Amino acid sequence: MSNPAPALALTDAQRTVLEALAASQVASHREVQRAQVLLMAAEGLANEWIARVVGITPGTVRSWRTRFAEEGLTKLGKVRGGRGRKPVIPQSTIDEIVELTQNSKPEGHTHWSVRTMAAKTGVSPAQVQRIWSARGLKPHLVTKTFKLSTDPKFEEKLIDVCGLYLNPPENAIVFCMDEKTSIQALDRSQPSLPMTRGRAGTMTHDYKRNGTTTLFAALEVATGKVIGSCVPKHRHDEFLVFLKTIEKEVPAGLQIHLVIDNYATHKHANVKAWLAKHPRFHLHFTPTSSSWLNLVERWFRELTEKALRRGVFHSVPDLIAKIEEYIEVNNADPKPLVWTADAESILEKVARGRVALQAVKQN
């Protein structure tokens, strides 16, 4: 054994910290090793012997002893600058990959893949993926829908609708109303196979169309209950009939606030004349291209996912019966769709979107 080095001087507090760290099950392996080295060094053991026991080089032992003598425990878990694994890809190449990903497209393609980017920049696909992941870049994905409203009264309408959701008026009932048009009665060409262990249920890719229906639906914001009616068409005549249905369903004495879109049917002269004779109805129009502001659209999505998408309908009456059954089940145990975003936060996001869209147009 080599001659022992001078014992490393430790205070009682330092020894307590190092002993706890050396026995830790959650600290990093490097920190545990360093604590063990320093405790052995405090016993005056040779650097070579310590290195052999801990599984590091004698040079590392000497470096850790020197650093402790200079800094104590203040930077025990930190790696000094210049140490550690050196970057394999130059920063200029990383910057090039990010720039190409955000501001260009490969020839003949709509978006970059890890392989096309790797071929372009001369790095491996795995390196491209790490660079994208570290910066949250996902060129293979695209948002399903995106459109900023061009409605000149966007802010006014947004504040109006959000106000209804967050601060509904007293002695009133608020409905979100819209039509879900052209719902198809689809019949599969073969029966679906049932779900079994290790295999999901199946359905055929082809189908037979057996007609369509249109659903008028009004979602009560406070309770989640739905008033619905299936009709063959969605003209102003059908809309008027549905308004009369709502009139019958809502107790007398309550004002009726309807959140609807700007569809021409909702503004027909006959509709306006009927509304003038029924002053307890108040229509609140969502901004153009802002159907996301109408909560009934979320309910339509749930109807599609839970009752229609996998359904098999031999006729339009079968389809209507399923829709009515879903509404009945919904109303037996309704759950309101709670709106939480205020108008100010939405306007901030829209403003950022307009800036980004303008930058894209300029390029």
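A search of the whole structure finds ten salt bridges. A salt bridge here is a side-chain nitrogen of Lys or Arg within 4 Å of a carboxyl oxygen of Asp or Glu. One joins the side chains of Arg67 and Glu71, at 2.9 Å from N to O. Both residues sit in helix H4 (residues 58-71), four residues apart, about one turn of the helix.

This is a predicted model: local features need pLDDT of at least 70, side-chain atom pairs count only at pLDDT 80 or more, and totals for chains, interfaces and linings use all residues. Residues are numbered from 1 along each chain as its sequence is written, and side-chain values use heavy atoms, leaving out hydrogens and water.

How confident is the predictor? pLDDT is its confidence in each residue, from 0 to 100. The protein chain averages 88, and 94% of the residues score at least 70. Confidence is highest in helix H12 (residues 316-332), at a mean of 96. It is lowest in helix H13 (residues 343-362), at 81.

Now take the whole chain. It has 13 helices and five strands. These are DSSP runs, numbered from the N terminus: helices are H or I with at least four residues, strands E with at least two. The radius of gyration, taken over C-alpha atoms, is 34 Å, well over the 21 Å that the globule rule gives for 363 residues, so the chain is more spread out than a compact globule. That rule is 2.2 Å times the number of residues to the power 0.38. The C-alpha atoms fill a box of roughly 105 × 55 × 50 Å along the principal axes.

Terms used
pLDDT = per-residue confidence, 0-100.
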